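Subject: Structure handover

Hello,

Here is the structure you will be working with. Please open it next to this message and follow along; the notes come after it.

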Amino acid sequence: MKPEQADLPSLRLIRDQAAWLAPARTWLLKQANARQRRRLLDLGCGFGVVSKELAKLSRGRVVALDHSLPALLAAPSTLRKAAPACADAATLPFADASFDLVFCQLALLWMPLEPMLAEVRRVVQPGGVLVAIEPDYGGMIEHPPELATAPLWIDALRRAGADPLVGRKLPGLLAGLGFEVQVELMSQLTAPARQRFDLLRGLPLTSYERKQVDALKRQAGKLDRPWQQVAHLPFMLVTARL
Ligand SMILES: C[S@@+](CC[C@H](N)C(=O)[O-])C[C@H]1O[C@@H](n2cnc3c(N)ncnc32)[C@H](O)[C@@H]1O
């Protein structure tokens, strides 16, 4: 069953995204001492692509939580080593201090941020950590200007119920909840991926915007010399410790 939801692209695109973010994720999980953690939660796990990685990395128990049952059912092989949980992140079905590592990737932007972070604070045990990799579409760097997509992303994400500026809000909200926060920005620029247009196409767009995206994709496809185009979406790499 393939879930039709704006907050969950196809498994192929989710895998591409996870691959782009892999170096940052590896670095962050090392910082957070993930190997030694015993109770891990992948919050907004989608198809569980990263839950599987977490289960390989740590000998602890990994819970893969998502509110979408179709997502959890769509790729059971990725979840074989993690315990799936279908629930809303704003009302987590776990006792206080249940986890020593909570992981989030491209998920917080889709969630009601303040109630959800309060829940994370509740379920993280003293000495535990929240690791988050979340974007900030307001900081996109794009060139040439006629290929800019940031306004389309921002409008479409808001229409879909997401917060495109989640990245910049996280540090202050987490500090306010008593976390000790460290934030890095994903610094390396890589050649822009054509799949970015397919990801944008999966959001609620007007028919005019859909035509715009298709035209931009065609135009971008013609710029095939190295560094003829730049499309950088900043990701906040957050480590928040209790
Ligand atoms: C873009 S996907 C990211 C999936 C996964 N973290 C990854 O990187 O492969 C966002 C996920 O967040 C989930 N999600 C959104 N709001 C949620 C909520 N309130 N509670 C639980 N899951 C939620 C969606 O169902 C979706 O699977």
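Strands β7 and β9 (residues 235–241) run antiparallel to each other and are joined by six bridges. Keep in mind that the model is predicted.

On β9 there is also a pairing with β5: seven bridges join these two strands, and they too are antiparallel. L237 turns up again here, as the bridge partner of I133.

As background, the strands of a sheet pair through backbone hydrogen bonds, in either a parallel or an antiparallel sense.

Both kinds occur here. The sheet is open, its pairing is mixed, and its seven strands are ordered β3-β2-β1-β4-β5-β9-β7. At its edges are β3 (83–86) and β7 (180–185), each of which pairs on one side only. From one strand to the next, the twist averages 15°.

Next, the other neighbour of β5. Strand β4 (residues 99–105) pairs with β5 in the parallel sense, over six bridges. Within this pairing, V102 has L130 of β5 as its bridge partner. The two strands also belong to a right-handed β-α-β unit, in which the helix is α5 (residues 113–123).

Is strand β5 (residues 124–135) largely enclosed or in the open? Of its 12 residues, nine are buried, so the strand is largely enclosed by the rest of the structure. A residue counts as buried if 20 or more other C-beta atoms lie within 10 Å of its own.

The number of buried residues among its 16 is zero, so α9 lies largely in the open. Its length can be checked as well: at 1.5 Å a residue, the 16 residues of α9 (residues 207–222) should span 22 Å, and the end C-alpha atoms are 23 Å apart, which agrees.

Last, the ligand. Around it are 21 residues, of which G44, G46, H67, A89 and W110 come nearest. Sorted by class, this shell has 13 nonpolar, five polar and three charged residues. Helices can be traced in it too: α1 (11–20) and α3 (49–57) each supply at least two residues of the shell.

Regards

Methods:
Residues numbered from 1 in each chain as written. Predicted model: local features only at pLDDT ≥ 70, side-chain atom pairs only at ≥ 80, totals over all residues. Near = placed C-beta within 6 Å. Helix = DSSP H or I, 4+ residues; strand = E, 2+ residues; numbered from the N terminus. Nonpolar A, V, L, I, M, F, W, Y, C, P; charged D, E, K, R; others polar. Expected span 1.5 Å × (residues − 1). Pairing = 2+ DSSP bridges. Axes fitted to C-alpha atoms, helices over the stretch in contact; angles between N-to-C directions. Right-handed = clockwise from strand over helix to strand, strands pointing away.
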